[in-house]
Amino acid sequence: MAISTDDRAAVAGGKPAKTKPFNKEKRYGEPELKQLTEALEQGSLFFAHGKKVHGLEAAFAKVIGTKYAVACSSGTAAIHGAMIAAGISPGDEVITAPITDMGSIVPILWQGAIPVFADLDPRTYNMDPGSVEKCITPATKAILLVHLAGNPCDMNAMKEIAARHNVMLIEDCAQAHGCLYEGKPVGSFGAMGCFSYNEFKHISCGDGGVICTDDEKLYGRLRLSVDKCYNRSPTALDRSPTFLAANYRMTELQGGVAIAQLEKLPSIVERRRKWCGELSQRLEGVAGIDLPVVTHAGTTSWWFYLMRINESVMGAKTDEVAAALKAEGLPVAAHYIGKTIYEYPLMVNHSAFDHGAHPFAKREYKKGLCPNAEAILATCIMLPVNEAHDQQDLDETAHGIQRVARYFQSKRSA
C-alpha cells in the first residue's frame, strides 16, 4: 500500500501524529485537602485513634461488595498481609503469574514459600486455568491471581480449580480498581482481594493498600497481620502476639486522601473504558497488531493498553514498531517488564538472602517455563492510559498507530 506524501510516518520524514501533549488533569484537589484537614483536626494521625482509615475500610468494602476491608501501607503489604492471614508458611507453594510486579512475589518469598508460575493466555494476558491446574501439587496452598492491566481473570474457572483442590484463592487487584467479572467487582471472588493505592494506580494516596474479605476469621487474622499481631480489641485479655506479623499500618492522612480518591473512581474508570474502547474500535483490522482481548464476561478498567505486534505480518520487529510509534509522539514502551519474573537474577540465583538457604532454592527458575508469557513480553507494546485523555488524543493516537502499520506494510510489499 502506497503512503501518501501528506501522511508519511514520522520515521519516514512526516510530521508526528501527536500535535499536542496528552491531556492531563489535576489529580488531587479540594476533596483531598478537606479530608487532610479533618484528619489533622482529630489531633492524632494514628489509625486506631481516628476515623479516616476506618471510614475508608467501610467505604471500600461497600464498593467491592465484601463484608470486611482492612487498610494497610501498600499493595505489596496487602498481599503480604493476605499471605500471613492465609497461614502461608515455609515450603508451601503459591501459584501466581510470571508477568506482574515484584509486589506480587515478595510477599510469597517473605513467608518462606515457593512461587510457582502458571503460563498466560496470549491475548488476555491473564493466568491460563489449564496451566494453573498443571501447577498444583500436594504442597500448593494458594493461588494468587493477578488481574493484569485491569482485565479480570477467568474467575469461574479459577474458583472451580481452587475449590476442587482445596487451595485458597487470593486476588491481586493492584491494577484492577473498577474491574468487573460477570458484573461483580474483582476482589470479591477469592478468599481475599488485595488492592493498591500506589501513586500510579487508578486511585492513589501516594502509597497504600486494602484487603477485602467475606470471611470473619480471615478478617480477624488480617487485622493482626498488618499490625504486628497486636490485638486492639477492647475486650482482649491478652494482647501478646501469637504469630509473626508486620507493621503495615495506614495513617489517617493516607486514609483521608484514599476516601476522596475512592469517590472519584467511577468517573475515572468510565472515562478510561470509553477512551480505550473507542481506540480498539479504531484499530480493529490494522494488519500486524493484535489488540488486547477482554476476558469473556469481564469488564476491564484499563490500567494500561497492551497490544502485541505480529512481527511476520507487520514486517518489522517489535522494537522497530515501538521506535516508530515514539516518533509519532506516542509514549509507548516495548516489552513491559522486559522479562518474566522467574528470569530475574533473584529467582535464577536464589539470592533472597546474603547467606542461608530459602525454600525456593529447591526449585529451578529459567527461561522456557512459561512460553506464552515469554512470547507476550517479546512482542508487546504498552501504551499508558489516563482518564483525562480527550478526543484529540484518541484521534492522534489511532492515526499514529495506523500510519506506522501502513508504513511497515508498505516497506514489506515494496
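## Close-up views of a predicted model

Tyr125 is buried, its relative accessible area being 5% (buried denotes under 20% relative accessible area, exposed over 50% and partly exposed in between, with a 1.4 Å probe and protein chains only). The model is predicted, so that local features need pLDDT of at least 70 and side-chain atom pairs count only at pLDDT 80 or more, while totals for chains, interfaces and linings use all residues. Residues are numbered from 1 along each chain as its sequence is written, and side-chain values use heavy atoms, with hydrogens and water left out.

**View 1. Tyr125 and Asn166 have positive phi values.** Tyr125 lies in the loop between E3 and H5, with phi near 70°. Asn166 belongs to the loop between H6 and strand E5 (168-172), and its phi is near 55°. Helices (H or I, at least four residues) and strands (E, at least two) are DSSP runs, numbered from the N terminus. Neither residue is a glycine; most residues other than glycine have a negative phi. Whereas Tyr125 is buried, Asn166 is exposed, at 71% relative accessibility.

**View 2. The largest nonpolar core holds 44 residues.** A nonpolar core is a set of buried Ala, Val, Leu, Ile, Met, Phe, Trp, Tyr and Cys residues joined through side-chain atoms within 4.5 Å. Ile95, Phe117, Met127, Val132, Ile143, Leu145 and Met347 touch the most other members. Among the elements that each supply at least two residues are helix H4 (102-110), helix H5 (129-135), strand E4 (140-146) and helix H12 (371-379). Helix H6 (155-165) is also one of these elements, and H6 gives the most, with four residues. Beyond its neighbours within four places in sequence, Val132 is in contact (heavy atoms within 4.5 Å) with Ile95, Ala118, Met127, Ile143, Met158 and Ile161.

**View 3. E2, H4 and E3 form a right-handed β-α-β unit.** A crossover is right-handed if, with the strands pointing away from the viewer, the path from the first strand over the helix to the second runs clockwise. Strand E2 (residues 93-96) pairs with E3 in the parallel sense over four bridges; pairing requires that DSSP find at least two bridges between two strands. Thr96 is placed opposite Phe117 of E3. E3 is covered on both faces, with Ile114 and Val116 buried on one side and Pro115 and Phe117 buried on the other. In a regular strand the side chains alternate between the two faces of the sheet.

**View 4. Three strands make an open antiparallel sheet.** The strand order is E7-E6-E11. Strand E7 (184-185) and strand E11 (298-299) are the edge strands, each pairing on one side only. Strand E6 (residues 180-181) is joined to E11 by two bridges, in antiparallel fashion, and Leu180 stands opposite Thr299.

**View 5. The structure contains zero disulfides.** A disulfide is a pair of cysteine sulfur atoms within 2.5 Å. For Cys153, the nearest cysteine sulfur is that of Cys179, 8.6 Å away. For Cys179, the nearest is that of Cys173, 7.8 Å away. Cys153 is buried, with a relative accessible area of 0%, and Cys179 is buried at 1%.

**View 6. pLDDT stays under 50 over residues 1-5.** pLDDT is the predictor's confidence in each residue, from 0 to 100. The model has seven contacts beyond four places in sequence for residues 1-5. The mean pLDDT of the chain is 96, and 98% of its residues reach 70 or more.
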